[in-house]
Amino acid sequence: MQPTQHAQVHLIDDDASVREALAWLLRSRGLPSVEHVSADDFLADWQQRKRHTEPCCLLLDVRMPGTSGLALFDWWVSKQLTDECPVIFLSGHADVPTAVDAVKRGAFDFCEKPFSDNALVDRIEQALLHSSRHLAQSKLLEEQRQRLDDLTDREQDRKSTRLNSSHRCISYAV
């Protein structure tokens with residue numbers, strides 16, 4: 001995948017050395033990143049943005065002081081953001097049930113520290129591609145909704161009449 005210039009990887013880890021190493025790795029592969037010292041720091045930044053139109057993903061540590069990575073992920077799932085901005089968990093203390101549960105609930109991946117640099121970058125690129133496709137689909141749906149909303153009353157009536165006629169044809173065929 002050739003990531004867009006505006007794609008963004010959010011590094012959320014309380015360990016400065018981990019954030020710095022990940023940021024260096026991503027820079028070396030041409031992937032822009034933003035470092036966040038905590039889940040709360042990330043959430044404050046995320047909620048300030050009006051719209052999220054560029055591909056992104058989260059590299060999220062499981063255990064952090066304050067709001068944990070798992071608690072942030074619960075919020076992420078509740079807001080249905082796992083396709084818009086996929087989550088890749090990073091953990092040095094993971095257990096299999098936690099990893100399985102997170103993936104079942106929508107995490108893109110769950111990587112144990114230490115991890116292979118190449119494998120992690122591959123997963124990040126795949127997550128950014130997933131995000132990019134989701135955003136493109138969302139944009140297309142929004143454009144279609146806007147075109148439907150822009151129809152005049154007469155065009156709306158004709159559309160409804162055609163839809164009703166096609167439903168009758170389908171029901172006769174069944």
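**Exercise 1. Getting your bearings**

What percentage of the 174 residues in the protein do buried residues make up? Then describe the secondary structure and its order along the chain.

*Solution.* Keep in mind that this is a predicted model.
- Step 1: Buried residues account for 33% of the 174 residues in the protein.
- Step 2: Turning to secondary structure, you will find 6 helices and 5 strands.
- Step 3: Now look at contacts between residues at least 6 apart in sequence: 67% of them join residues at least 24 apart.

**Exercise 2. Two helices side by side**

Work out how helix H2 and helix H3 cross, and which residues meet there.

*Solution.* 
- Step 1: Find H2 at residues 39-48 and H3 at residues 69-78; their axes come within 10 Å and cross at roughly 25 degrees.
- Step 2: Angles under 35 degrees count as roughly parallel, so H2 is roughly parallel to H3.
- Step 3: The crossing of H2 past H3 is right-handed.
- Step 4: On the H2 side, the contact uses Ala39, Phe42, Leu43, Trp46 and Gln47, and these meet Leu72, Trp75 and Trp76 of H3.
- Step 5: Sort the residues of this contact by type, and you get 7 nonpolar, 1 polar and no charged.

**Exercise 3. The nonpolar cores**

Which residues touch the most other members of the largest nonpolar core, and which elements each supply at least two residues of this core?

*Solution.* 
- Step 1: The largest nonpolar core has 21 residues, and Leu60, Trp76 and Phe89 touch the most other members.
- Step 2: At least two residues each come from H2, strand E3 (56-61), H3, strand E4 (87-91) and helix H4 (96-104).
- Step 3: The top contributor is H2, which gives 4 residues.
- Step 4: Zoom in on Trp76: beyond residues up to four places away in sequence, it touches Phe42, Trp46, Leu58, Leu81, Thr82, Cys85 and Val87.
- Step 5: There is also a second, separate core of 19 residues, which includes Ala7, Leu26, Ile88 and Cys111.
- Step 6: For background, nonpolar side chains tend to be buried together in soluble globular proteins.

**Exercise 4. An arginine and an aspartate**

*Solution.* 
- Step 1: Arg19 is found in helix H1, which covers residues 16-28.
- Step 2: Apart from neighbours within four places in sequence, Arg19 is in contact with Leu11, Asp13, Asp14, Glu35, His36 and Val37.
- Step 3: Asp117 and Leu26 are 91 residues apart in sequence, with 9.5 Å between their C-alpha atoms.
- Step 4: Leaving out residues up to four places away in sequence, Asp117 touches Leu25 and Arg29.

**Exercise 5. Two backbone details**

Where is the cis peptide bond, and where does Gln80 lie?

*Solution.* 
- Step 1: The cis peptide bond joins Lys113 and Pro114, with omega about -10 degrees.
- Step 2: Pro114 is placed in the loop between strand E5 (109-112) and helix H5 (117-149).
- Step 3: Gln80 is in the loop between H3 and E4.
- Step 4: Check the phi angle of Gln80: it is near 55 degrees, a positive value in a residue other than glycine.
- Step 5: Gln80 has 70% relative accessibility and so counts as exposed.

Technical notes. Residues numbered from 1 in each chain as written. Predicted model: local features only at pLDDT ≥ 70, side-chain atom pairs only at ≥ 80, totals over all residues. Heavy atoms only, no water. Axes fitted to C-alpha atoms, helices over the stretch in contact; angles between N-to-C directions. Parallel < 35°, antiparallel > 145°, perpendicular 65-115°, else oblique. Left-handed = near helix turned anticlockwise from the far one by under 90°. Contact = heavy atoms within 4.5 Å. Nonpolar A, V, L, I, M, F, W, Y, C, P; charged D, E, K, R; others polar. Core = buried A, V, L, I, M, F, W, Y, C linked by side-chain atoms within 4.5 Å. Buried < 20%, exposed > 50% of the residue type's maximum accessible area, 1.4 Å probe, protein only.
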